Structure formats: structure tokens, C-alpha cells
Amino acid sequence: MSSAAQNTIFDVAIIGLGPVGSLGAILCAEAGLKVAVVEQQVAVYTLPRAVNLDGEIIRALQPAGLAATVQRMMQPLRQDERAGFANSKREWLFGGNARSIGSNGWQPANMFDQPELETFLRETAQRHPNVTAYIGYEMTRFCIDQELVGIQAIGQDGEISLRAHYLVACDGASSLTRKALGIGWRDLGYDQDWLVVDVEMIKPHALPNEVLQVCDPDRLHTFIATKDPYRRWEFQLNAGETAEQMLNREAIRSLLDPWTPRDTYRIRRAAVYQFHAAVADKWQHDRIFLAGDSAHQTPPFLGQGMNSGMRDVINLAWKLRLVQSGCCAKTLLETYQAERYDHTHDLVSWAVDMGHLMQHMAAIEAAERVGDEQPKMKQTSLKSGYGQGREQPPIRSGIVLTEQVSNEGATGYLLPQPVVRDARGREIRFDELLGPHFALVSNGPHAFDEDTTSVLQALDIQMIDVSTLDIVRGKFPAVLKGGEALLLRPDRIVFGHTDANISADTLIARLAASVKYLSQSHANFSR
């Protein structure tokens, strides 16, 4: 923590070095940005919180060469693994089987142990040559001027002052940054107290390899077969119950008795949380951005809290690079909230719907017990599954051809990542051919005019002709037929594709306008 470091003007300062902040630091540093991270806690929290990592997040680590290492920390798919809804007797109602490979080229849903993953991400961020870490320091105040954010932080060695062009607040649900900016919440209508119990299995057991939403009229609860040897239960508190009562060791064991004998496990953690569904009113204030739990909170039914936060910093990192390189106007950063707010709102709403569906299924069983007529389902848009058959909802505004976005098309979604065989006979995941920036993926060669060629070079757009590749596993979207092309953002989301009305030249021109490309700039991508 030299005086030279304190005198540095950083491209971005990240407050909070949990999983979201650590990933943000890695991605920004990999993009060539100078990053400062400020984290109050000296050591990683040793108990689990998040337990599921999406395959698309592992995919985002591919350009940094970290995906395979992270995948090895994930629980391999177990026999008969599935996720769905059950009645009070734990009899299967509906749901789906888990998959070993998803459209992103990695296992779609991955159970992990947070202390292990968080330690790896934090240490990787701290080792990066573009990252300066201030561990054991708490931000006490900040100020914004026309060009910079000034940050004051205090730690065991006293107070430090930092300056950065942008600040990303990954400082959690109780974010001091959000509170200092006076940013409120939009409540999405789910506030329930739940007991969360994590255990380590210490003897052979008969617990299923499932994620079960148990729709029990006597008590809604969830069972999660997390990474071996760990398991998790979540129990909704009934009317009149208190956190103190639920955290009694005997009460916890009584709740677990129907599942497994007491001598088969060791209680690792027990805590009562109020599950919230809320999205921050604003995600950007001038040069400051909210990310992760500081910007959104969700019930855990989809396992998307941490994943959504990681999507936030994936979205920001490549945009900050374009702005700080001088290639694009800083108004590009205004697309962050436009894209992430709606996307996260969809996921939080789906999680709320899932909670309501549990309540509805429990009400049906309660009615059946007494012979009453089954309750009618409320008129609400309950989704049949995560992403309506997709692994995530689309981007519907921002840097995307909005007129092409639909539930059936490719635009606005992550491009599927098949395994391909190239002309040299190598079998590789498709992203390995793309590089870390934009890419024009075509099914056949394309020629471009002078203006388009200039944009291709300035935005460092890689060109890949898939007609020269053989698909070993997976597939490309149907729009990528012979002679057509699609344009990928650095986060692998499809910006748009050619069709009868949009040529490849037009596609590139539309992208340049969307990212606020400064045609007279001399961008420095070698920062």
C-alpha cells in the first residue's frame, strides 16, 4: 500500500471483495483497467451462503483462463439429480432433470461451497498485476467531481485517500454507498422469514440428490443437495414463530428428523433471514454504479442472487473498457441500468412467482385433506421454468437490436457455445476462437465497405466463419444459416443478426451507434 499506489488515479474502484466484487475486479483487470479494491473483512467468511453457480458465469471466466479451474470446484452431476416441486410426503409433483452440459458449454447449474470459490476469486483478483487491494479497509466517505470519484477509507494503518474515474459498489444488501446516495427500493412483494440450515453429512445417508420445493401446508420448506458432503434446508416460519425459537438446537433437529437421523450430520450454520424481493430504484449515480446485493435482492428459489450480481459486473467490465480506452462516449455506461434492471427484475419476479406457486400447491393439498374444492390459481404469469425454457431471460433494451428480440430468436440472448472442430482438427469450445471482445460470426465469407472496415478495426471485432468448422456437440441458432451473420458483444450476448432488411454493413453501423463509438478517436486498447 505504497504512497505511489495512493497517488495513482485508478480506472475503477470496487467496494467489496465478495464473489461479485472479486469477479468484477478480475474482469476489469483483464480488460486492461487499473483497479483498486477496498474490502473491510480481512478474511473470507467461512460459512456458506450462495450455493449455485450458473454455467454462463463459468463461461465468462473463459477469456481469463479460469473457467476450467472454477469448474473443478463445482459438484459433478450426480445420478438421478433433478429439481422440482413435491408434496408434504415428498412425492414428486413436477420439475426437471439436471443436465451435464448446457447451451453455454458448461454444466448449467453447479453446486459449490462458497468459502472455497470466494477464496479463489479473491486471491486471483489480488494477484492480478492491474489490481491494487486495500484489505482491512472500510470506505468512510466519497465525493464526485466532473472527472473522478474521491474515496476515503480507514483501516489498521490509518486513513487512505484514493481516486478513480468510476466506483462500483459491491458492498451488499446493507450497502452504505446506496444509502449515502439516498437510493430507495422498488418492492416486488415478497417478505417472508425463513430458517436456513446448512449441515455437513458425516455418515452414510439416504438423502436424495435433488432440489425439492416441498409444498407442505404445515410448513413450506426447501431441500438442496449442495456440494458433497454438504446439504441445506430452508424452512418458512409460521405465524407467531420467532427467530429465537427456530434457532434452538432441538427445534432445528426436530425439523431435520423426518429427513435423516441425527447422527448422520453436523450442523454447520443456522440463521433466520427475511427473504426479500426488491430492486434498487437507480443503479447509477453519475460515476457510481451499484452491483450485486446493493442493487437487488431476491428470494432464493431460483438460486439467482449471486449469479445476478455477477452478471452486473460482467455487463460493466467491457463497457468501462470501451469508455476508458477513448473508443466510446461515457454515455455508453447509461446502458448498464437499462439492461441489468429489466433483466434482474424478470428473475426476481420469477423467484417470487415460484414462492407463490409453492403456496398455491400447499393450499391445494390442504383443501384435499378436508375435502374442500381446490383453490383457484391467481391470475398471474407463473412461468413454467427458469427462462421459459431458456437459461436466462433476454436483454430487451440497451445495446441490442430491440426489434429482433423475442422469446424465439437469438438476439438479446447468450450465443450457445458448442464444441467445434477447426481446420487443424482441434476440438474446442467455440468461445476459444472469439477472443475477449466483439465478434462477427458468419456462415460464409463477407466483404465490407471502407466505413465498416474502420469500425471493425476500431472496436477490435473478431470475424469467425463457422462454415469452416464442424460442430462436435451443441448447435448454433437457426438464424445463422448459410450466408447470414450475427454480431456478438464481449459478454457473448447477441447484439443482432443479418436478415432480409439488415446487411452485415448495417449491423456493424447499428452497433457503432449503440455503443456510442467515437469515430475520430484513437482508442488505446493496449492499456
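The predicted model contains an open sheet of 4 strands in the order E22-E21-E24-E25, with mixed pairing. Strands E22 (462-465) and E25 (494-497) form the edges; each has a single partner strand, so one side of each is left without a neighbour in the sheet. On average, neighbouring strands of the sheet are turned by 20° against each other, direction ignored. Helices (H or I, at least four residues) and strands (E, at least two) are DSSP runs numbered from the N terminus, and two strands pair if DSSP finds at least two bridges between them.

Within this sheet, strands E21 (residues 439-442) and E24 (residues 485-488) run antiparallel and are joined by 4 bridges. Ser442 has Ala485 in E24 as its bridge partner. Helix H12 (residues 504-514) packs on the sheet, where it touches E21, E24 and E25, and its direction makes about 145° with that of E25. Contact denotes heavy atoms within 4.5 Å; axes are lines fitted to C-alpha atoms, for helices over the stretch in contact, and angles run from 0 to 180 degrees between N-to-C directions.

In helix H8 (residues 249-256), Ile252, Arg253, Leu255 and Leu256 are buried (under 20% relative accessible area, 1.4 Å probe, protein chains only). These residues cover an arc of only 155° around the axis, which puts them on the same side of H8; the arc is that of the directions from the helix axis to the C-beta atoms. The cover over the buried residues of H8 includes strands E11 (185-201), E14 (230-236) and E15 (265-280) and helix H7 (243-246).

Residues are numbered from 1 along each chain as its sequence is written. In this predicted model, local features need pLDDT of at least 70 and side-chain atom pairs count only at pLDDT 80 or more, whereas totals for chains, interfaces and linings use all residues; side-chain values use heavy atoms, with hydrogens and water left out.

Conventions: Buried means under 20% relative accessible area, exposed over 50%, partly exposed in between (1.4 Å probe, protein chains only).
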